[in-house]
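Colleague: I've got this model open and I'd like to learn how to read its sheets, helices and side chains. Can you walk me through it?

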Amino acid sequence: MRIFKEEQRFNQLWLIVLLLVSIMVPIAIIISEYIENPSSFSISELISIIGVMILASGIIFLFKLNTRIDEKGIHYKFFPLHWSFKTINWSQIDNAYVKTYNPIGEYGGWGLRGGFFWNKSKGKAINVSGDVGIQIKLKSGKKLLIGTQKRNDAESVLATYKSKFN
């Protein structure tokens, strides 16, 4: 019995730099406003505002994509949107394979993407980085792409279970 497991988070350097820069500008403006006019808000309000801004920008680092492929099927959880694993049984799958894709062009970026506002023919994508994913085509006609950083491992395990969905 072969099992594929992967956990991914939003931890790309470009994302961290972008968040730091985007949070530093408003914090600098708020602090300069406070220095120019200390009566505009109290020190506790100043600390609270800055704290909320830092917490709000850090929420993205709570997101975690877990993927598991085993004898039952393909399981995924995108915490905190999913509190437990979603399972796609092999009997529901028409085809599953690993592919390279364009996250922005095909799905509008990273995260839980696709569907209502984007190209519906591509289906949905759950990804946190990169441009490699496990493409799942269901017998119902729906499509789901789950991002992976472990292309070779995913391909190998899918090949092991290919007889279950073909």
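This is a predicted model: local features need pLDDT of at least 70, side-chain atom pairs count only at pLDDT 80 or more; totals for chains, interfaces and linings use all residues.

Colleague: How do I read a sheet, and what is the strand order in the open sheet of four strands?

Modeller: Strands of a sheet pair through backbone hydrogen bonds, either parallel or antiparallel. Strands (E, at least two residues) and helices (H or I, at least four) are DSSP runs numbered from the N terminus, and two strands pair if DSSP finds at least two bridges between them. Here the order is 1-2-3-4 with antiparallel pairing. Strand 1 (4-9) and strand 4 (86-89) sit at the edges with a single partner strand each, so one side of each lacks a neighbour in the sheet. Inside, strand 2 (residues 64-69) and strand 3 (residues 73-79) pair over six bridges; Lys64 has Phe79 as its bridge partner.

Colleague: Which strands stand at the edges of the open sheet of five strands?

Modeller: Strand 5 (93-100) and strand 6 (111-114) do. The order is 5-8-9-7-6, and the pairing is mixed. Strand 5 and strand 8 are antiparallel over seven bridges, with Asn95 opposite Lys137.

Colleague: And helices: at what angle do helix 1 and helix 2 cross?

Modeller: Axes are lines fitted to C-alpha atoms, for helices over the stretch in contact, and angles run from 0 to 180 degrees between N-to-C directions. Helix 1 (residues 13-36) and helix 2 (residues 43-58) come within 10 Å and cross at roughly 170°. They are therefore roughly antiparallel (over 145 degrees). Contact means heavy atoms within 4.5 Å; among the residues that meet are Leu19 and Ile23 from helix 1, and Leu46 and Met53 from helix 2.

Colleague: Now a side chain: is Gln135 buried or exposed?

Modeller: Buried means under 20% relative accessible area, exposed over 50%, partly exposed in between (1.4 Å probe, protein chains only). Gln135 is in strand 8 (residues 132-138) and counts as buried because its relative accessibility is 2%.

Colleague: What does the side chain of Gln135 make a polar contact with?

Modeller: A polar contact is a pair of N or O atoms within 3.5 Å; within protein, one must be able to donate a hydrogen and the other to accept it, and residues adjacent in sequence count only if both atoms are side-chain atoms. Gln135 contacts the side chain of Lys99 this way (3.5 Å). The backbone oxygen of Leu144 also lies 3.5 Å from a polar atom of the Gln135 side chain.

Methods. Residues are numbered from 1 along each chain as its sequence is written. Side-chain values use heavy atoms; hydrogens and water are left out. Angles under 35 degrees count as roughly parallel, over 145 as roughly antiparallel, 65 to 115 as roughly perpendicular and the rest as oblique.
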